[in-house]
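Thanks for sending this one over. Here are my notes, in numbered points, to read alongside the model.

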Amino acid sequence: MTEPGVAAFDPFELQDTILGDIRDPFPALAAGRRRGAVVAGPGELFADSDDDFEIAPDAPSFTAYSHEAVTAVLRDPEAFSSSILADVVGQTIITMGGEEHRRHRALISPAFRHKALVRWQDELVRAVVDELIDRFEGAGRAELVRELTFDFPVQVIARILGLPQRDYPKFQRWSIEMLSGIVNPERGQAAARALDDYFGGVLAERRREPKDDMISDLSTAEVDGHRLSDEEIFAFLRMLLPAGIETTYRSSGNLLYALLTHPDQLAALFANRSLIPQAIEEGLRWEPPILFLLRNAVQDREVCGTRIPAGAIVSVCVGAANRDEAFYDEPDRFDIFRAPRQHVSFGWGPHMCIGMHLARMETRVAMNALLDRLPNLRLDDEFEPPFVQGTAFRSPPELHVRFG
């Protein structure tokens, strides 16, 4: 919750971060997949968009569509580097490769150890969700994006880091502004500098007086005699805020959208909570929060019969891979009962999302709280049917519901 006197942040104030208002990109992505597993050119992704988005207009471009092609690119970081993202988020673990990436991942991974996740779940995440539900439970109706899904991830991350409640709105803004660097580099870089300045004071304080929080853990982490420098800690925290806030809020909203528009499956969750983990995975597959990832080819490679030369930019289309009919039965159908097969919404290979277990835990706790406290949860028929929008980042702008 925002403290009195602190302005709340409207999650849709910076609409350019979603790169367009496409409601259903999946027919275009299926058309691209029919053209080939890997297709030369920017592909179908922006075919219906008015955005003139090109990250490297002078470089040859390719789009990976099939599940086989997408996973082949993502598991080969020696040939397909994520360093192209450094201009957006700075030099962080997601832009590193080789030994540097392995060393940093080993240093950071203990911050997400299972023991910590269990403690956060019991002591922190459910408390955050319950506090937010307390604010609207008595009304019998709510708009779940602004009243729940957007707020709870930033509060969880801020509490894990040991940051004061008064600063929550700043983190929401900075995280989105930094991600918007892909379309507005000046704004993104200013947000990254603001984060570094802020964390500089917090880290100096933790080095003097450690606390039971993640920043203190990072300040003392050591592997093979190597410890993280201040700049390396700032880089990780720059990555954690947008990754832990932006994508979790969108994926939880997408899951709620899927369940509310498939009430029989929502009813199944009310009846059997053990279905929640598979519902989360199906939501991530069916409507991922991010449609594509970017890689730059640093070596020549052949992927699924297409030669990709060094210097090319590759759009790795997660949304297309997750609905590849060669890998999933009836892929356009949302079905929490389908036989599980791994999706690519958390990536694949060495750069698989380091915080994916935290994201899953947060969503599981939030879903259990909603099912515990909002009986007969359903769409509010006084409002237009909800929809998911966006080309790069996707989520519903509104989810009006009734309950009780």
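This is a predicted model: local features need pLDDT of at least 70, side-chain atom pairs count only at pLDDT 80 or more; totals for chains, interfaces and linings use all residues.

1. Stepping back to the whole sheet, you will find 5 strands in the order E1-E2-E10-E7-E3. The sheet is open, and its pairing is mixed. Strand E1 (38-40) and strand E3 (80-81) are at the edges with a single partner strand each, so one side of each has no neighbour in the sheet.

2. Now to the E1 end. E1 pairs with E2 in the antiparallel sense, over 3 bridges.

3. Helix H2 (residues 67-74) lies across E1, strand E2 (61-64), E3, E7 and strand E10 (313-317). Relative to E10, H2 runs at about 125°.

4. The helix pair H8 and H9 deserves a point too. Helix H8 (residues 168-179) packs with helix H9 (residues 185-208) at an angle of about 140°, and their axes are 7 Å apart. H8 is therefore oblique to H9. The crossing of the two helices, H8 and H9, is left-handed.

5. Which residues make up that contact between H8 and H9? On the H8 side they are Lys170, Phe171, Trp174, Glu177 and Met178. They meet Arg187, Gly188, Ala191, Ala192, Ala194, Leu195, Tyr198 and Phe199 in H9. Sorted by class, the contact of H8 with H9 comprises 9 nonpolar, 1 polar and 3 charged residues.

6. Finally, a word on confidence. The protein chain has a mean pLDDT of 85, with 83% of its residues at 70 or more. Residues 1-7 have pLDDT below 50, and this stretch has 13 contacts in the model beyond near neighbours in sequence. Residues 48-52 are also below 50 in pLDDT, with 8 contacts in the model beyond near neighbours in sequence.

Technical notes: Residues are numbered from 1 along each chain as its sequence is written. Side-chain values use heavy atoms; hydrogens and water are left out. Two strands pair if DSSP finds at least two bridges between them. Helices (H or I, at least four residues) and strands (E, at least two) are DSSP runs, numbered from the N terminus. Contact means heavy atoms within 4.5 Å. Axes are lines fitted to C-alpha atoms, for helices over the stretch in contact, and angles run from 0 to 180 degrees between N-to-C directions. Angles under 35 degrees count as roughly parallel, over 145 as roughly antiparallel, 65 to 115 as roughly perpendicular and the rest as oblique. A crossing is left-handed if the near helix is turned anticlockwise from the far one by less than a right angle, and right-handed if clockwise. Ala, Val, Leu, Ile, Met, Phe, Trp, Tyr, Cys and Pro count as nonpolar, Asp, Glu, Lys and Arg as charged, and the others, Gly among them, as polar. pLDDT is the predictor's confidence in each residue, from 0 to 100.
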